[in-house]
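Please open the model in your viewer and keep the selection panel at hand.

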Amino acid sequence: MLTKAELLATPVEHIDVAKHNVVPLIEAMRNMAFTARDLARAADITDRMIRDPDCGIILCLAGSLISAGLKKIFADAIRCNMVDAIVSTGANIVDQDFFEALGFRHYVGPERVRSGMDDAALRDLHIDRIYDTLIDEDELRACDDATRQIADELEPRPYSSREFIRAMGAYLEQHGCKTPDSIVFEAYKNDVPIFCPAFSDCSAGFGLVAHQHARGDGPKMSLDSAKDFLELTQLKIHNPTTGLFMIGGGVPKNFAQDVVVAADVLGHEAPMHKYAVQVTVADVRDGALSGSTLKEASSWGKVDLAYEQMVYSEATLAVPLLFGYAYHKGGWKNRPARRWSRVLEPADVA
Ligand SMILES: NC(=O)c1ccc[n+]([C@@H]2O[C@H](COP(=O)([O-])OP(=O)(O)OC[C@H]3O[C@@H](n4cnc5c(N)ncnc54)[C@H](O)[C@@H]3O)[C@@H](O)[C@H]2O)c1
């Protein structure tokens, strides 16, 4: 068995789509078949939603995307005004992005760790495994503790996850962001709200548990997930034409789709999401949300049928192609920043 230092020697590198012009490749896929043709159509829809002057774009993230090398794509998408709000699992935002912003890295595991036969030895070394990727558990504990410190410093009251993640951005501004590409920090600087509807189900959960336990019966901060839903719905009402770019499925997919119905509940006739692209490996057989088609979402009144496309692919393959296409097509160049955080916190505007 290798030592801890040997196992954690090769960091995962984040792909830079600016360096790879994939436009001719995607154009060539358009008249192929199967997933290649679906992907080319998804690329067209993505480019179209970016160029639609009325469209606000919501990026949905599930799965282990940041640890897998996709972080720079999303940080660049924020910088290039290709994204106006993010709905994510907590793992992507806290355990992975904020973790790297604190100066830690994910590591390329040797081929043999995939088999699982080394997992007991990894446990002894305090190394966590995500399939072929390794993490120093001690560093993850430091990430948990940073979220506890942030909770300790907040005024005790209920917060949306969006408010808490903004406080994480402020923490990075104060203590220094140790990576050039952090989603949390770029979103903070560019007023892009990030929502994690199941926020306790990640590294932040450990920090929040520690905060609440230490405070006992005294005043403490807490999470208000209904506030998250209300805030994202307010954005839909504020900007009725919307597009979804979804990677994986899970809670972020349903949460973002549901704001159409929530707006209706609040008495606003918000249209269905005009554009929707989903990249997923899940399929329809189990009837679960993650693999349900966007056409099915239309039956629920959530997604319009004209511009929707499922891409059945693992994200590390399809996402660089889709964002690379949008980046090199340049439709974002004249796209203004929506700065939706300011819509939710007008008092914040200097
Ligand atoms: N993923 C992790 O390593 C991790 C770590 C800590 C906490 N969590 C928490 O667990 C909960 C579930 O999150 P999750 O990340 O496991 O997502 P999930 O299980 O909810 O994923 C939903 C769907 O996305 C699809 N998907 C996931 N990764 C994909 C990929 N690379 N390419 C294509 N499709 C993909 C899956 O097939 C699945 O159907 C969240 O609350 C999260 O914060 C996850």
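At what angle do helix 11 and helix 12 pack, and how far apart are their axes? In this predicted model, the two helices pack at an angle of about 80°, and their axes are 9 Å apart. Helix 11 and helix 12 are therefore roughly perpendicular to each other.

**Stop 1: helix 11 and helix 12**

Select residues 225-238 for helix 11 and residues 250-265 for helix 12. Then show the side chains at the contact: helix 11 contributes Phe 229, Leu 232, Thr 233, Lys 236 and Ile 237, and helix 12 contributes Val 259, Val 260, Ala 262 and Ala 263. By class, this contact comprises 7 nonpolar residues, 1 polar residue and 1 charged residue.

Colour its buried residues, which are Asp 228, Glu 231, Leu 232, Thr 233, Leu 235 and Lys 236. Leu 232, Thr 233 and Lys 236 are among these buried residues, and they also belong to the contact with helix 12. As a guide to reading such a list, an α-helix has 3.6 residues a turn, so residues three or four places apart point the same way.

**Stop 2: the ligand**

Select the ligand and display its surroundings. Which residues are closest to the ligand? They are Gly 63, Gly 248, Gly 250, Ala 282 and Ser 290, within a shell of 21 residues. Two elements give two or more residues to this shell, namely helix 5 (90-101) and strand 10 (273-280). Helix 5 supplies the largest share, 3 residues. Colouring the shell by class gives 9 nonpolar, 9 polar and 3 charged residues.

**Stop 3: helix 4 and helix 5**

At the contact, Ile 66, Ser 67 and Lys 71 of helix 4 meet Asn 92, Gln 96, Asp 97 and Glu 100 of helix 5. The classes here are 1 nonpolar, 3 polar and 3 charged residues.

Centre the view on Lys 71 of helix 4. Is Lys 71 buried or exposed? Lys 71 counts as buried because it has 24 C-beta neighbours inside 10 Å, and the cut-off for a buried residue is 20 or more. Leaving aside residues up to four places away in sequence, Lys 71 touches His 14, Ile 66, Asp 97, Glu 100, Asp 181 and Ile 183.

**Stop 4: Arg 30 and helix 3**

From Lys 71, draw a distance to Arg 30: the two C-alpha atoms are separated by 27 Å, and the residues are 41 apart along the chain. Arg 30 is placed in the loop between helix 2 (23-29) and helix 3 (34-51). Arg 30 is partly exposed, with 13 other C-beta atoms within 10 Å. Beyond residues up to four places away in sequence, Arg 30 touches Arg 37 and Ala 40.

Now select helix 3 itself. Its 18 residues reach 26 Å from first C-alpha to last, close to the 26 Å expected at 1.5 Å a residue. Its buried residues include Leu 39, Ala 40, Ala 43, Ile 45 and Met 49. The buried residues of helix 3 pack against helix 2, strand 1 (56-61), strand 9 (242-247), strand 10, strand 11 (303-312) and helix 14 (315-329).

**Stop 5**

Asn 81 counts as partly exposed, with 19 C-beta neighbours inside 10 Å.

Finally, select Asp 191, in the loop between helix 9 (183-189) and strand 7 (194-195). Asp 191 also has a positive phi, of about 55°, although it is not a glycine. Asp 191 is buried, with 21 other C-beta atoms within 10 Å.

Conventions. Residues are numbered from 1 along each chain as its sequence is written. This is a predicted model: local features need pLDDT of at least 70, side-chain atom pairs count only at pLDDT 80 or more; totals for chains, interfaces and linings use all residues. Helices (H or I, at least four residues) and strands (E, at least two) are DSSP runs, numbered from the N terminus. The expected span of a helix is 1.5 Å times one less than its number of residues. A residue is buried if 20 or more other C-beta atoms lie within 10 Å of its own, exposed if 12 or fewer, and partly exposed in between; C-beta atoms are placed from the backbone. Axes are lines fitted to C-alpha atoms, for helices over the stretch in contact, and angles run from 0 to 180 degrees between N-to-C directions. Angles under 35 degrees count as roughly parallel, over 145 as roughly antiparallel, 65 to 115 as roughly perpendicular and the rest as oblique. Two residues are in contact if their C-beta atoms, placed from the backbone, lie within 7 Å. Ala, Val, Leu, Ile, Met, Phe, Trp, Tyr, Cys and Pro count as nonpolar, Asp, Glu, Lys and Arg as charged, and the others, Gly among them, as polar. A residue is near a molecule or strand if its C-beta atom, placed from the backbone, lies within 6 Å of it.
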